[in-house]
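Hi there,

Here is the structure I promised to pass on. Have a look at it first, and my notes follow below.

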Amino acid sequence: MTQIAIKQHCTPQRRSLLSSLRDALSLLRQRKTLARLDDRALEDIGITRQQAEAEASRSIWDAPEFWQK
């Protein structure tokens, strides 16, 4: 595996409001889709109905931490 040394600090770019809104709406669609999966599909991805319902009921602004950077 090749490794690359970076000599200067990489600062994350600021996210635009439009980008943040687009990601929030995408998350909302994903959670709605998760809520509509049947038990067989949920078993395939390794989660229970209760876990799916808990995730689907989360607020649109309650995004995973790595999305907020």
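Which residues make a nonpolar surface patch of about 400 Å²? The patch is made by L21, L25, L28 and W61. Patches take residues with over 30% relative accessible area and no salt bridge, joining like charges within 9 Å and nonpolar side chains (Val, Leu, Ile, Met, Phe, Trp, Tyr) within 5 Å. A salt bridge here is a Lys or Arg side-chain nitrogen within 4 Å of an Asp or Glu carboxyl oxygen. Areas are Shrake-Rupley values with a 1.4 Å probe.

Before the rest, the ground rules: this is a predicted model, where local features need pLDDT of at least 70, side-chain atom pairs count only at pLDDT 80 or more, and totals for chains, interfaces and linings use all residues. Residues are numbered from 1 along each chain as its sequence is written, and side-chain values use heavy atoms, without hydrogens and water.

The protein has three helices and zero strands (DSSP runs of H or I, at least four residues, and of E, at least two). Of its 69 residues, 13% count as buried, meaning under 20% relative accessible area, with exposed over 50% and partly exposed in between.

Helix α1 (residues 17-36) holds L25, which counts as partly exposed because its relative accessibility is 37%.

α1 packs against α3 (residues 49-56) at about 155°, with axes 8 Å apart. Axes are lines fitted to C-alpha atoms over the stretch in contact, and angles run from 0 to 180 degrees between N-to-C directions. The pair is therefore roughly antiparallel (over 145 degrees; under 35 is roughly parallel, 65 to 115 roughly perpendicular, the rest oblique).

Best wishes

Key:
Buried means under 20% relative accessible area, exposed over 50%, partly exposed in between (1.4 Å probe, protein chains only).
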